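Work through the exercises below with the sequence and the coordinates open. Each task is followed by a solution in steps.

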Amino acid sequence: LNRRPAAALGAVLLITLSGCSSTGASPADIVGRTFAEADPDLPENAQYLVQDVSVEFDQKPSYNADQFGSSQWTVLASCSDEDTLQASSVIEIAVAPTSEVGDQEVEAARNGEYADLVTCDF
Amino acid sequence: MRSKNRWRAGLLAGAIVTVALVSAPLSASASEAKPEPEVIRSAQVWTSYHVVNHTKTSNVVGTQIIGDCTVARNGGTCTITSGKTATRTIQLAFNVTRSAVASSLQISSSTSATISVACTSPPMNAGESWRAKPKGTKHFYKVREQTWAEDVVIASRTSAQLTAFNPSATSIYCY
């Protein structure tokens with residue numbers, strides 16, 4: 001009788017843990033997120049090529065390395081040299097100011113409409 | 001036991017040849033002669049290596065490209081951020097080991113160094129590339145090999161000019 005709650009709790013934990021896992025995230029998974037939201041899926045030892053595409057929104061580029069992982073920037077496109085981010089050694093990300101990116105742009109990004117903002121020459 | 005004695009005999013004969021080549025012309029019977037006590041002492045032949053004529057120049061840009069980003073839009077920028085390893089090259093000569101030369105140069109013998117620095121391009125035109133190369137110290141040196149019998153140098157030779165590149169972990173060149 002006591003085993004049932006434990007089994008249920010175990011199942012909940014399993015589902016929760018697998019839902020939180022970031023090991024299998026692909027470059028497409030972080031598109032449309034803020035850089036801060038994407039950050040947990042980004043491996044520490046990879047090289048990052050971050051394209052500031054503010055010009056798409058008639059803004060001057062202002063991104064610098066100190067803003068890596070900042071919520072001030074939103075990921076519009078991404079690619080990497082391996083299928084998953086964790087396995088990648090080079091990751092390219094196109095970012096734009098979050099203040100300029102609306103729901104419509106986020107949706108467009110997730111649909112791949114900004115895919116050509118990264119060149120992926122690796 | 002027998003094979004061990006054979007090995008010793010071979011070693012002694014080899015030592016006699018080595019010494020005779022330097023100190024006197026080798027007679028036909030020299031390699032067949034039974035080792036005398038002084039010849040046994042001369043079996044203690046060993047080789048040493050020294051790094052000589054060592055100079056170095058800092059802030060040298062390496063040849064390896066450690067980051068390459070092609071800008072996708074006119075007026076866009078690209079930031080190359082850390083995470084890449086640069087190769088630490090150490091040229092060798094004769095039978096000297098990489099670790100021995102690295103120790104003499106006072107650099108790590110590891111083949112790579114992790115770069116932890118970033119650089120951001122100015123606004124560029126679509127299709128233009130922003131690249132990063134490591135910066136570091138370039139070492140110039142030669143390796144001198146000396147063959148010793150007891151306390152006497154019986155042979156010496158020096159390599160041609162060699163170089164090593166030791167990348168800095170905190171400095172890159174971007175262009």
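**Exercise 1.** In which strand of chain B is Thr81(B) found? Decide also whether Thr81(B) is buried or exposed, and list what Thr81(B) is in contact with beyond its neighbours within four places in sequence.

Solution. Keep in mind that the model is predicted.

Step 1. Locate the residue: Thr81(B) belongs to strand S3 of chain B.

Step 2. Apply the accessibility cut-off. Buried means under 20% relative accessible area. Thr81(B) has 10% relative accessibility, so it counts as buried.

Step 3. List the contacts, leaving aside neighbours within four places in sequence. From chain A, Thr81(B) touches Ala46(A), Gln47(A), Tyr48(A) and Ala65(A). From chain B itself, the partners are Val117(B) and Ala118(B).

**Exercise 2.** Find which strand of chain A pairs with S3(B), and in which sense. Then name the residue that stands opposite Thr81(B).

Solution. 

Step 1. S3(B) pairs with strand S1 of chain A, residues 47-52.

Step 2. The sense of this pairing is antiparallel, and five bridges make it up.

Step 3. Opposite Thr81(B) in S3(B) stands Tyr48(A). Tyr48(A) is also one of the residues in contact with Thr81(B).

**Exercise 3.** Describe the interface of chain B and chain A by its residues, its buried area and its polar links.

Solution. 

Step 1. Count the residues: chain B contributes 22 and chain A contributes 21.

Step 2. Take the area. About 1600 Å² is buried between the two chains, with 49% of it on carbon and sulfur atoms.

Step 3. Look for salt bridges. There are two across the interface. One of them joins the side chains of Arg73(B) and Glu56(A), at 2.5 Å from N to O.

Step 4. Count the polar contacts: 10 residue pairs between chain B and chain A, both residues at pLDDT 80 or more.

Step 5. Assign the chain B side to its elements. Strands S2 (67-70), S3 (77-81) and S7 (118-120) of chain B each give two or more residues to the side that touches chain A. S3(B) gives the most, with five residues.

Step 6. Sort that side of chain B by class: eight residues are nonpolar, 11 are polar and three are charged.

**Exercise 4.** Where in chain A is Gln67(A) found, and is Gln67(A) buried or exposed?

Solution. 

Step 1. Gln67(A) is in the loop between S1 and strand S2 (73-80) of chain A.

Step 2. Use the cut-off of Exercise 1. The relative accessibility of Gln67(A) is 18%, so Gln67(A) counts as buried.

Step 3. Leaving aside neighbours within four places in sequence, Gln67(A) is in contact with Phe35(A), Ser62(A), Gln72(A) and Trp73(A).

Step 4. Check a distance along the chain: Gln67(A) and Ser80(A) are 13 residues apart, and their C-alpha atoms are separated by 20 Å.

How values were computed. Residues are numbered from 1 along each chain as its sequence is written. Chains are lettered from A and ligands numbered from 1 in the order in which they are written. This is a predicted model: local features need pLDDT of at least 70, side-chain atom pairs count only at pLDDT 80 or more; totals for chains, interfaces and linings use all residues. Side-chain values use heavy atoms; hydrogens and water are left out. Contact means heavy atoms within 4.5 Å. Buried area is the accessible area (1.4 Å probe) that two parts lose on being put together, summed over both. A salt bridge is a side-chain nitrogen of Lys or Arg within 4 Å of a carboxyl oxygen of Asp or Glu. A polar contact is a pair of N or O atoms within 3.5 Å; within protein, one must be able to donate a hydrogen and the other to accept it, and residues adjacent in sequence count only if both atoms are side-chain atoms. Helices (H or I, at least four residues) and strands (E, at least two) are DSSP runs, numbered from the N terminus. Ala, Val, Leu, Ile, Met, Phe, Trp, Tyr, Cys and Pro count as nonpolar, Asp, Glu, Lys and Arg as charged, and the others, Gly among them, as polar. Two strands pair if DSSP finds at least two bridges between them. Buried means under 20% relative accessible area, exposed over 50%, partly exposed in between (1.4 Å probe, protein chains only).
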